[in-house]
Amino acid sequence: MMPVTWVLLLSAFLFSVGVYGVLARRNAVLILMSIEVMLTAVNINLVAFNAMLKDVEMMGQIFALFIITIAAAEIGVGLAIVILIYRNRTTVTVDEVSLMKW
Amino acid sequence: MHQYVFVVIGVLMAIAAVRLVTTKNVVHGALYLLMVLAGAAAIFILLLAEFVGWVQVLLYIGAVVVLLLFGLMLTRAPIGRTALDNQSRALAALVAGAIFAMTSMVLVRAFDGQMIDFSQTLTVRTLGGVLFTKYVLPFEVVSVLLLAALVGAVVLAKRDE
């Protein structure tokens, strides 16, 4: 037996670290990495709730599986966009890619 | 026993995550991300989700980290703090700290005293059964989404003739 709050606090910490990474980093690939950390934090929460509620339908684990799949799709498309930006602008610094910013 | 394993993995993950967002070298950042994801896989297995844990190892550690390392190598990111971080670091830390304080307060209030029972059995057999009966439509939709992402990534990264 283990209090579920320990797991929840860990995932809340990981999520906030991911938020910091997204806000403070300039390199687009590092921002993608921080997004992965945030998604992992969410998955930990879902799996912990699945174990806590003893769900026989395994809703939490199935949702975590879907999130992992969609994260893989997201990282593929995201990196393709980053490489395209690098090819056109020779930089992946998000501050310098502001053409469509108001 | 489970508690001690969890605390050790959790502390390692927290340190790796903090190093990931503060490191000056992008390749080190990718390796710290690897550590966070491997720790998450270990926690999934600890929390009776073996299948999700191994999918995490295969998909994240096997594919996503390698893809990110390729991205880093192909884009030749500069090394150094000023090149990697922007000027609003303090503001970002404030926002992240506020999010952590708020979510942890709410979560502790809502779920204080609830326990995870490690003696239950959640088998891969039931997971597969539910996935291919009740959730078969979302499963198929996700496979179409993956195909669309694959085609999209190829089209984006292809050189124009």
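This is a predicted model: local features need pLDDT of at least 70, side-chain atom pairs count only at pLDDT 80 or more; totals for chains, interfaces and linings use all residues.
1. The interface of the two chains draws on 71 residues from chain A and 85 residues from chain B. The area buried between chain A and chain B comes to about 7,200 Å², and carbon and sulfur atoms give 77% of that area.

2. Two salt bridges are found by the rule across the interface of chain A and chain B. A salt bridge also joins B:Lys134 to A:Glu57, with the closest N and O atoms 2.6 Å apart.

3. The crossing of H1(A) with H5(B) is right-handed. Residues making this contact include A:Leu8, A:Phe15 and A:Val19 of H1(A), together with B:Ala96, B:Phe100 and B:Leu107 of H5(B). Sorted by class, the contact of H1(A) with H5(B) has 19 nonpolar, four polar and one charged residues.

4. Within chain A, H1(A) packs with helix H2 (residues 28-53) at an angle of about 165°, their axes being 8 Å apart, so that H1(A) is roughly antiparallel to H2(A). The crossing of H1(A) and H2(A) is left-handed. Among the residues that meet here are A:Leu8, A:Phe15 and A:Val19 in H1(A), and A:Met38, A:Ala41 and A:Phe49 in H2(A). The contact of H1(A) with H2(A) has 17 nonpolar, five polar and no charged residues.

Conventions
Residues are numbered from 1 along each chain as its sequence is written. Chains are lettered from A and ligands numbered from 1 in the order in which they are written. Side-chain values use heavy atoms; hydrogens and water are left out. A crossing is left-handed if the near helix is turned anticlockwise from the far one by less than a right angle, and right-handed if clockwise. Helices (H or I, at least four residues) and strands (E, at least two) are DSSP runs, numbered from the N terminus. Contact means heavy atoms within 4.5 Å. Ala, Val, Leu, Ile, Met, Phe, Trp, Tyr, Cys and Pro count as nonpolar, Asp, Glu, Lys and Arg as charged, and the others, Gly among them, as polar. Buried area is the accessible area (1.4 Å probe) that two parts lose on being put together, summed over both. A salt bridge is a side-chain nitrogen of Lys or Arg within 4 Å of a carboxyl oxygen of Asp or Glu. Axes are lines fitted to C-alpha atoms, for helices over the stretch in contact, and angles run from 0 to 180 degrees between N-to-C directions. Angles under 35 degrees count as roughly parallel, over 145 as roughly antiparallel, 65 to 115 as roughly perpendicular and the rest as oblique.
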